[in-house]
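Biologist: I have a protein open here and want a quick tour. Can you show me the model first?
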Amino acid sequence: MKYKRLGLIVAFCFASWLVLAFVIFNENAVKKIDVETRKGSLLKYIQELEVQISQQEETYKLLVDKLKKLTPRPENVLQALEIKESPLEKPKVPSPATKKDVTQDIILPVLVFSCNRPDIRRSLDGLLKYRPDAKKFPIIVSQDCAHGATAKVIRSYSDALQVTYIQQPDQSEPIVPPGEAKFKGYFKIARHYLFGLSQVFRTFNHTAVIIVEDDLDVAPDFFSYFASTYQLLKNDPSLWCVSAWNDNGKASLVDVDQGSKLLYRSDFFPGLGWMITKELWDELEPKWPKSYWDDWMRRPEQRKDRACIRPEVSRTRTFGKIGVSNGLFFDKHLKYIKLNEIPVDFSKENMSRLTQSTYDADYIRNVYSLPLVSAPDVRTNTNLPFDGPVRITYHTKDTFKSAAKLLGLMDDFKSGVPRTGYHGIVSFFLNGRRIYLAPHSNWKGYDLTWS
């Protein structure tokens with residue numbers, strides 16, 4: 001009995017051990033399976049993360065490349081900032097197809113000669129009123145005579161930084177030949193011109209100059225006229241000046257309504273608002289005369305068959321009756337000169353037609369193809385063949401003077417050249433018709449005895 005119980009106990013213990021071993025073994029197996037499952041899941045998750053990271057890396061590289069293309073380089077950023085902050089200092093560069101205006105960078109000073117006329121204020125006010133650009137058209141006032149009241153007026157503009165004021169230092173009495181004492185003023189003027197022009201070209205070092213006097217009014221398009229003819233003067237060796245003045249520019253002798261754009265070549269040096277280059281001054285300065293500088297300019301040894309450009313309707317007008325010339329021609333002629341009132345933008349006009357090679361053949365052929373009429377018939381506007389331009393012929397100095405007086409033209413010659421004449425032809429407008437007072441067709445050149 002005792003051994004039977006012991007066997008049961010042993011059997012029970014063995015069975016319990018088997019059950020316990022099974023449970024333990026089964027639990028470990030389940031845990032192992034669970035760990036393996038989790039490990040597999042983890043590895044799969046890691047692999048998926050690696051794929052996503054790789055995709056994100058590729059996406060990041062693409063974004064970086066695009067960002068580099070869109071982002072300007074540092075120097076471009078600086079340029080952009082400079083243009084934005086200083087648009088006037090960094091203008092846009094025109095495309096190669098854009099035609100550059102070669103007159104933009106040219107500085108054309110206006111040299112005003114003054115002496116003892118306090119009403120120079122009128123002239124300066126006109127220049128300042130119509131001047132489009134102070135940098136392009138600086139105004140230099142040169143005063144002779146040491147006249148106090150005039151100096152005070154000029155200083156008022158100089159103090160306001162509107163003009164540059166210079167003074168002719170030599171106030172000594174010029175040496176005048178016997179019999180010319182009453183013409184001393186002309187000697188002083190020539191000396192003053194030598195000083196003023198030398199200052200402009202030697203001291204201020206300009207390449208061209210517009211010259212006016214202290215008794216001139218200017219037209220609204222005065223500056224446009226000179227700025228637009230500068231290149232023509234510079235490039236055509238057959239030209240030596242541009243003038244704003246028409247010696248026959250009375251209102252009754254010009255085409256006031258339709259003639260504002262008309263420009264001509266002239267063998268006569270007009271003065272009264274004119275432009276020359278430094279190259280011409282280099283030529284004239286060493287031999288500048290002691291007096292009568294304007295008539296000296298008209299001599300053939302100075303002119304050398306060169307011409308000036310002049311307008312149909314004047315861009316200057318003198319108000320100076322009192323002066324060295326004592327009003328010569330003023331009451332009879334100068335005060336009737338028509339000042340242009342219809343502004344023209346000459347930058348839009350074709351200046352190449354005024355070059356000698358283009359102008360001469362057409363002009364002369366046109367004039368000598370016109371119907372021939374008499375001066376009396378033109379004066380009375382009778383017995384004329386049709387409405388349109390006509391020609392009057394002169395053969396001698398006397399026949400020219402007779403026709404000129406009859407028609408209201410200036411009838412004098414300087415070095416054989418009539419005022420406004422080109423190849424001896426004087427153009428004017430009377431009774432609604434263009435008229436040409438022209439020498440006979442076999443004209444060979446100017447007669448220097450006609451002076």
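Modeller: One term before we start: a disulfide here is a pair of cysteine sulfur atoms within 2.5 Å. By that rule, C241 and C308 are joined, S to S 1.9 Å. This is a predicted model, where local features need pLDDT of at least 70, side-chain atom pairs count only at pLDDT 80 or more, and totals for chains, interfaces and linings use all residues. Residues are numbered from 1 along each chain as its sequence is written, and side-chain values use heavy atoms, with hydrogens and water left out.

Biologist: Where do C241 and C308 lie?
Modeller: C241 is in strand β6 (residues 239-243) and C308 is in strand β9 (residues 307-311), so the pair ties together parts 67 residues apart in sequence. Helices (H or I, at least four residues) and strands (E, at least two) are DSSP runs, numbered from the N terminus.

Biologist: Which hand does the link of C241 and C308 have?
Modeller: Right-handed, with 120 degrees about the S-S bond.

Biologist: Are C241 and C308 buried or exposed?
Modeller: Both are buried. Buried means under 20% relative accessible area, exposed means over 50%, and partly exposed is in between (1.4 Å probe, protein chains only).

Biologist: How many disulfides does the structure hold?
Modeller: There are 2. C115 and C145 form a disulfide too, with their sulfur atoms 1.6 Å apart. The torsion about that S-S bond is about -95 degrees, so this disulfide is left-handed.

Biologist: Which parts does the pair of C115 and C145 tie together?
Modeller: Two loops. C115 sits between β1 (110-114) and α3, and C145 between β2 (139-143) and α4, so the linked parts are 30 residues apart in sequence. C145 counts as partly exposed because its relative accessibility is 32%.

Biologist: And what is the pairing, numbering the bonded cysteines in sequence order?
Modeller: It is 1-2, 3-4.

Biologist: Switching to helices. At what angle do α3 and α4 pack?
Modeller: About 20 degrees, with the axes 10 Å apart; α3 covers residues 120-130 and α4 covers residues 148-159. Axes are lines fitted to C-alpha atoms, for helices over the stretch in contact, and angles run from 0 to 180 degrees between N-to-C directions. The two helices are therefore roughly parallel. Angles under 35 degrees count as roughly parallel, over 145 as roughly antiparallel, 65 to 115 as roughly perpendicular and the rest as oblique.

Biologist: Which residues make the contact?
Modeller: I120, R121, L124, D125 and L128 from α3, against T150, V153, I154, S156 and Y157 from α4. Contact means heavy atoms within 4.5 Å.

Biologist: New topic. Where is R117?
Modeller: R117 is in the loop between β1 and α3. R117 counts as buried because its relative accessibility is 16%.

Biologist: What does R117 touch?
Modeller: T150, D214, D215, F319, G320 and I322, leaving out residues up to four places away in sequence. T150 also belongs to the α3 and α4 contact.

Biologist: And where is D170?
Modeller: In the loop between β3 (164-167) and α5 (184-203). D170 is partly exposed, at a relative accessible area of 34%. Not counting residues up to four places away in sequence, D170 touches D144 and R191. D170 and D144 are 26 residues apart along the chain, and their C-alpha atoms are separated by 8.4 Å.

Biologist: Last one. How many helices and strands are there in the protein?
Modeller: There are 12 helices and 15 strands. Of the 451 residues, 42% count as buried.
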